[in-house]
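Subject: Structure handover and notes

Hello,

I am passing on the structure we discussed, together with my notes on it. Please look it over before reading the rest.

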Amino acid sequence: MSRTIKAPDERRQELLGIGLNLFMRKGAEGVSIKEVVQQANVATGLFYYYFKSKDAFLEEALNAHIEGTIGNMLEGLQNGEVPLLQRVKSALAAFQEHALRLAPLMGEEAITSLQHHVLMDNMLQRLCPIIQEIIEQGNGEGVFHVENPAVAAPFIIHGLSGVLHENLSDELKDNFQKDIQTLLFTVLGVTHDRTPSEVNLDGNT
């Protein structure tokens, strides 16, 4: 089979995507460099041109996925064309999907490594001022009722991070979405989960 020539960054991202998919399905032990290069149809030497080891490769793949997930959440939260509470619900749903996808892999070295936790801490710090701004906006609109947004924002962020890194039992997974939303709305002081603009948006009264 002939090999397709791709730009270096495109090829690197392709390898990372293959590695992430294998990691999510099989865990670290189920990922082999041989399978990665076979799926990408490249030589093993090219893999080592980009990555010094399998562990470094998996860690980069996972961290890129997490950063992309948080980036998507931020983009959704800052979309002023969507009602505020709907934005929060969508971001929470994205977080929950991510958490449940990672749950079976919580013991893997790529997730428990110091570098991964440092990256997560940095990204959480980026989220805090944006979450605080969202809370302040919600207070102004009467959607949220939070006395101190500067305290609530890191409380929410680090609480969600703690949930993400817990090994969830099957029983907890069954009620995960409902329980997390209930806790979050309690912190935000949401007394109902639909705003007038959301009611008008879907045509219900």
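This is a predicted model: local features need pLDDT of at least 70, side-chain atom pairs count only at pLDDT 80 or more; totals for chains, interfaces and linings use all residues.

Overall make-up

The protein has 11 helices and zero strands. Read along the sequence, the pattern is therefore one α after another, α-α-α-α-α-α-α-α-α-α-α. Of its 205 residues, 41% count as buried. The accessible surface is about 11,600 Å², and carbon and sulfur atoms account for 52% of that area. As for how the chain comes together, take the contacts between residues at least 6 apart in sequence: 69% of them join residues at least 24 apart.

The nonpolar core

The largest nonpolar core contains 53 residues. Those with the most contacts inside this core are Leu15, Val36, Phe57, Val88, Ile135, Phe144 and Leu188. At least two core residues come from each of α1 (8–26), α2 (33–40), α3 (44–50), α4 (54–77), α5 (84–102), α7 (114–141), α8 and α10. Which helix gives the most to this core? That is α4, with nine residues.

With neighbours within four places in sequence left aside, Leu15 is in contact with Val36, Ala40, Val42, Tyr50, Phe51 and Phe57. Val36 and Phe57 are themselves among the residues with the most contacts inside the core.

Leu188 is the other one, and it is found in helix α10. Leu188 counts as buried because its relative accessible area is 3%, under the 20% cut-off. Leaving out neighbours within four places in sequence, Leu188 is in contact with Val88, Ile135, Phe144, His145, Val146 and Ile156. Leu188 and Pro149 are 39 residues apart in sequence, and their C-alpha atoms are 9.0 Å apart in space.

The largest pocket

The largest pocket holds about 170 Å³ of space. Its lining is made up of Phe155, Ile156, Gly159, Leu160, Val163, Ile180, Leu183, Leu184 and Val187. The elements that give two or more residues to this lining are α8 (149–164) and α10 (176–188). Of the elements, α8 gives the most, with five residues. What classes of residue does the lining have? Eight are nonpolar, one is polar and none is charged. One of the lining residues, Ile156, is also a contact of Leu188.

Phe176 is another residue of helix α10. Is Phe176 buried or exposed? Phe176 is buried, because its relative accessibility of 5% falls under the 20% limit. Phe176 and Gln96 lie 80 residues apart in sequence, but 7.8 Å apart in space, C-alpha to C-alpha.

Ile70 belongs to helix α4. At a relative accessible area of 7%, Ile70 is buried. From Ile70 to Ala91 there are 21 residues in sequence and 9.1 Å in space, C-alpha to C-alpha.

Ile130 is in helix α7. Ile130 has a relative accessible area of 15% and is therefore still buried, the cut-off being 20%. With neighbours within four places in sequence left aside, Ile130 is in contact with Leu74 and Gln78. Ile130 and Ala153 are 23 residues apart in sequence, and 8.5 Å separates them in space, C-alpha to C-alpha.

A loop residue with positive phi

Asn41 sits in the loop between α2 and α3. Its phi is near 60 degrees, a positive value in a residue other than glycine. Most residues other than glycine have a negative phi.

Regards

Methods
Residues are numbered from 1 along each chain as its sequence is written. Side-chain values use heavy atoms; hydrogens and water are left out. On a 1 Å grid over the protein atoms alone, a cavity is a set of points where a 1.4 Å probe fits but cannot get out, and a pocket is an open set with protein on both sides within 12 Å along at least five of seven lines; lining residues have an atom within 4 Å of a point. Grid points are joined across faces, edges and corners, and a volume is the space filled by probe spheres set on the points. Helices (H or I, at least four residues) and strands (E, at least two) are DSSP runs, numbered from the N terminus. Ala, Val, Leu, Ile, Met, Phe, Trp, Tyr, Cys and Pro count as nonpolar, Asp, Glu, Lys and Arg as charged, and the others, Gly among them, as polar. Buried means under 20% relative accessible area, exposed over 50%, partly exposed in between (1.4 Å probe, protein chains only). Contact means heavy atoms within 4.5 Å. Accessible areas come from the Shrake-Rupley method with a 1.4 Å probe; for residues, only the protein chains shown count as cover. A nonpolar core is a set of buried Ala, Val, Leu, Ile, Met, Phe, Trp, Tyr and Cys residues joined through side-chain atoms within 4.5 Å.
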